[in-house]
Amino acid sequence: MDCIFCKIVEGTLPSTKVYESDTVVAFQDIKPEAPVHILIIPKKHIATMNEVTADDDTIMAELFTAARQIAIEQGIAESGYRLINNVNSDGGQVVYHLHFHLLGGEKLGALNAK
C-alpha cells in the first residue's frame with residue numbers, strides 16, 4: 001500500500017508521535033497551521049469517513065478519546081481547539097486515510113466556506 005499514514009503506523013516513515021494505543025496513533029503535522037497541529041489516525045486503514053462502519057465504533061470512540069487527552073496534554077483543552085475531518089476532494093482531503101486535525105494554541109478564525 002502506498003498510504004503515507006500507513007507507513008507512519010508501520011514505522012517505515014518517521015513522525016513525532018504524541019499519542020499511541022493499540023488502535024490509534026497521533027503525531028505532529030509537518031506543516032502546522034496553528035501552534036498545536038496534531039493528526040490523529042486509526043491504525044486500521046480506512047480511506048474516508050464514508051467508509052466507517054459499525055465495526056469501527058470502538059476505533060471511532062478512541063479517536064475522540066485521544067483528541068480530548070491530547071488537548072489536555074497540549075494545554076489547549078480549556079482555551080479551546082478545533083477538531084477537523086476532511087472528506088474527499090471537495091472537503092479538502094489530501095491523504096486518503098481517515099484522520100482528524102487537532103488545532104489550537106491560538107484564537108482560531110472563523111471557517112469561511114464559499
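Modeller: Leaving aside neighbours within four places in sequence, His97 is in contact (heavy atoms within 4.5 Å) with residues including Cys3, Phe5, Ile41, His45 and Ala47. This is a predicted model, in which local features need pLDDT of at least 70 and side-chain atom pairs count only at pLDDT 80 or more, while totals for chains, interfaces and linings use all residues. Residues are numbered from 1 along each chain as its sequence is written, and side-chain values use heavy atoms, with hydrogens and water left out.

Biologist: What makes the pairing of the His97 and His45 side chains a polar contact?

Modeller: A polar contact is a pair of N or O atoms within 3.5 Å, where within protein one must be able to donate a hydrogen and the other to accept it, and residues adjacent in sequence count only if both atoms are side-chain atoms. The side chains of His97 and His45 make such a contact at 3.1 Å.

Biologist: And why does Val18 count as buried, exposed or partly exposed?

Modeller: Val18 has 21% relative accessibility, so Val18 counts as partly exposed.

Biologist: Which residues does Val18 touch, beyond its neighbours within four places in sequence?

Modeller: Val18 is in contact with Ala26, Phe27, Gln28, Ile38, Ile70, Glu73 and Gln74. Val18 and Met49, 31 residues apart in sequence, lie 23 Å apart in space, C-alpha to C-alpha.

Technical notes
Buried means under 20% relative accessible area, exposed over 50%, partly exposed in between (1.4 Å probe, protein chains only).
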